[in-house]
Amino acid sequence: MTSWLRTRALIVALGVYGIIAIAVTLAYFPGLHGPFVFDDIPNIAHNSAIQISTLCPSSLYAAVVSSPSSALGRPLAILSFAINYFIAGDLTNTFDFKLANLAIHLTNTALVYWFVLLLLKQAAKTNPTLTNAQWLPALVAAFWALHPLNLTSVLYVVQRMTSLSALFVLLGMILFLHGRQRVQEQKRHGMTLIVGGWLTGLVLGTGAKETAVLILLYIPLTEYIFFSRADFRTAAGKPLRAFYGLAIVLPLLAILAWVLTHPQFVQESYKMRNFDMTARLLTEPRILWFYLYLLFVPNITEFSLFHDDIPISTGLFTPWTTLPAILALVALTAAAFMGKKKYPIFSFAVLWFLVGHSLESSFLPLEIAHEHRNYLPAIGPLMAMVYTLGSAFPDRNRLSLALCIMLAVALASVTFLRAQAWASEEQLIVTMVQHHPRSASAQAMLAELYAVRKVDLIQAQRHYEAAAALDPNEMSYPIRILINGVKMSSLGMNGGEKGSSLVEPDQFHTVISTQLHGHIKDRLSHNALTPTTMLTLDDMASRITQAPLQYHDLYPYAIDWYRAVLKNPNVTRDAHNASVIHLFEISTAAGDHATALETAVTARLHDPADISYALMEADARISLHQLGRAEDMLLHIKHDSSRLSPEIMNDIDILLTKIRTIRAGHTKTSSEPKPLLSQKTARYHLPFSEPKTTR
């Protein structure tokens, strides 16, 4: 009889999951053919290493180590992108990438159901008064899977890093709960399951994204809320204490010690932000309340790919909501600890949410707000909401169930509408600007749409100017104004409408010289250089390098700006290296070999240990026909071949061959506007020097 009941329960659970999966698929379907956006571009579209044609180990390894996203590289997520590309065949087939994200999301939906089911069963053991309705876990899973706040974790392809990491964390927590319950019941293999869950979440989870390290806090939080400390005094107490000491406390202390002894890890990254750590810590409590608002009041106009229209807190009363947000968060946390025995679900919901945001919404120098950061943290508040609704009518379960189903349908409807906006690049951008007109990032994306897709440079200029006005500290927007203005000038275009801030073609260079050039140069030499600014400069350098005649008007500005960047005392090491490379490349492409040589020599003085800078200097000297000095340098470097990579040795041989060829009179330096070495040098440095996409 028991076996039949279990089989029946399994069939019912699978049927309910099937209904949820169909609803989720229908809700997301309009956006599955949408484009790559934002961080998808550097991580996927521009990452040639994932574009594999075979599943051989060498190709897979090259893909795994290619991520620009973080120091650890997130190898499992990148590996999944490479396999996705192999199956899809090219990057135009975004449907396959998004379908894979949806499959991971549906898998996580089943894991959320399983996780919440175990939590509620354990809660009912320690507090029999708590309701344990079988349909509650299914509704929590449905609310979570259908909630529009999780949409960017599915349709924003690069956020597979988030959803895949969450998959391993959820699986790890499920194994932990099964093992912990076996320890509580003094059954065998409990500690094996606990350690297996810890390893799954920590090792595999961080292989997709570093936030999985929070399993070191999720496990003790679950222990604190749902299990009795009396278990530590039983026969199984010793291995349990050893687990928490060795697997939880020791790694946390190691991480804390590393952060305290490597303050430059955080300080260096703040050089790329237009806010400091104090401003971020003051702002994040407001952001957490904003996330909770989106969870409980999913107003479609509030969602966006960007939330840079939220003002930064510069003091406890600027804006005035800063201090109330902090005090309310402290009060909520205190209530969670105080109500742990009587209201364990509420306590778990609050503390799970806060723990889930303890990395990305704390001291780390990330952007202020992104919706995908709620993917795992949202489980807590949604669990509390469903549980509260389920308990609202204790004698009328059907009424509670009907109310929850209505809310799930409402969530699905909002997600469906959001997914429609993600169906095309233009729809997404226009929707963002409509809902968030004060978002500088959204305005800049609309400007790019006009400039690149619609070739409407006048409209593009207006939106670039709007972006620059909204965020005067971000230098990428004035740089885009200049690049777009050069195009307009070359085409003989003007602003058209009376009163436009755009200028006539014959006035353009004068206005740029007086109003923009000096301003940008000054800011680049002193202000924080954001990843967006550096990527914009890189884009300009790429244009000049690939088409020096077409963009010759940009060259003088680019030279001055890169020199300003190299003088900036706050520039990061990565940004400095990238700027050296680009300055060398654009001057070489323009035939300005004297500037290329000056760049290489100065770079060697700044970092004499970098062999690539020496090769750049030799290359420039060859172009200036200083063959003897170039040859002496190369032979000196080659003499110490024991510490040189095969690629460096190959470059040295290429340059020596080039010298011999010139001496033999078979070629002239003037016939080589873009030496091979400049391409090689970029290959060595740029994967490590381009600004990392830390969202």
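In which loop is His189 found? In this predicted model, His189 belongs to the loop between helix H8 (160-184) and helix H9 (190-208). The phi of His189 is near 70°, a positive value in a residue other than glycine. Most residues other than glycine have a negative phi, and most peptide bonds are trans. Val455 also has a positive phi, of about 50°, although it is not a glycine. The loop that holds Val455 runs between helix H19 (440-453) and helix H20 (457-470). Val455 counts as exposed because its relative accessibility is 59%, and the cut-off for that class is over 50%. A further backbone feature concerns the peptide bond from Thr318 to Pro319, which is cis, with omega near -5°. Pro319 is placed in the loop between helix H13 (277-296) and helix H14 (322-338).

Confidence was examined along the chain. The mean pLDDT of the chain is 86, and 89% of its residues reach 70 or more. The pLDDT falls below 50 over residues 495-510, a stretch that has 29 contacts in the model beyond near neighbours in sequence. A pLDDT below 50 is also found over residues 668-694, where the model has 68 contacts beyond near neighbours in sequence.

Two helix pairs were described in terms of their packing. Two packed helices are described by the angle between their axes and the distance between the axes. Helix H4 (residues 75-88) packs with H5 at an angle of about 135°, and their axes lie 9 Å apart. H4 and H5 are therefore oblique to each other, and H4 passes H5 in a right-handed crossing. On the H4 side the contact is made by Phe81, Asn84, Tyr85, Ile87 and Ala88, which meet Asp96, Phe97 and Ala100 in H5. By class, this contact of H4 with H5 has six nonpolar residues, one polar residue and one charged residue.

For helix H10 (residues 215-226) and helix H11 (residues 237-261), the packing angle is about 135° and the axes are 10 Å apart. H10 and H11 are therefore oblique to each other. The crossing in which H10 passes H11 is left-handed. The contact of H10 with H11 has eleven nonpolar residues, no polar residues and one charged residue.

Two residues within helices were examined for burial and contacts. Gln122 lies in helix H5 (residues 94-126). Gln122 is buried because its relative accessible area is 0%, and the cut-off for burial is under 20%. With neighbours within four places in sequence left aside, Gln122 is in contact with Gln181, Gln184, Phe226 and Phe227. Thr415 is located in helix H17 (residues 397-421). The relative accessibility of Thr415 is 0%, so Thr415 counts as buried. Residues up to four places away in sequence not being counted, Thr415 touches Ala27, Tyr28, Leu146, His147, Pro148 and Leu151.

Methods:
Residues numbered from 1 in each chain as written. Predicted model: local features only at pLDDT ≥ 70, side-chain atom pairs only at ≥ 80, totals over all residues. Heavy atoms only, no water. Axes fitted to C-alpha atoms, helices over the stretch in contact; angles between N-to-C directions. Helix = DSSP H or I, 4+ residues; strand = E, 2+ residues; numbered from the N terminus. Parallel < 35°, antiparallel > 145°, perpendicular 65-115°, else oblique. Left-handed = near helix turned anticlockwise from the far one by under 90°. Nonpolar A, V, L, I, M, F, W, Y, C, P; charged D, E, K, R; others polar. pLDDT = per-residue confidence, 0-100. Contact = heavy atoms within 4.5 Å. Buried < 20%, exposed > 50% of the residue type's maximum accessible area, 1.4 Å probe, protein only.
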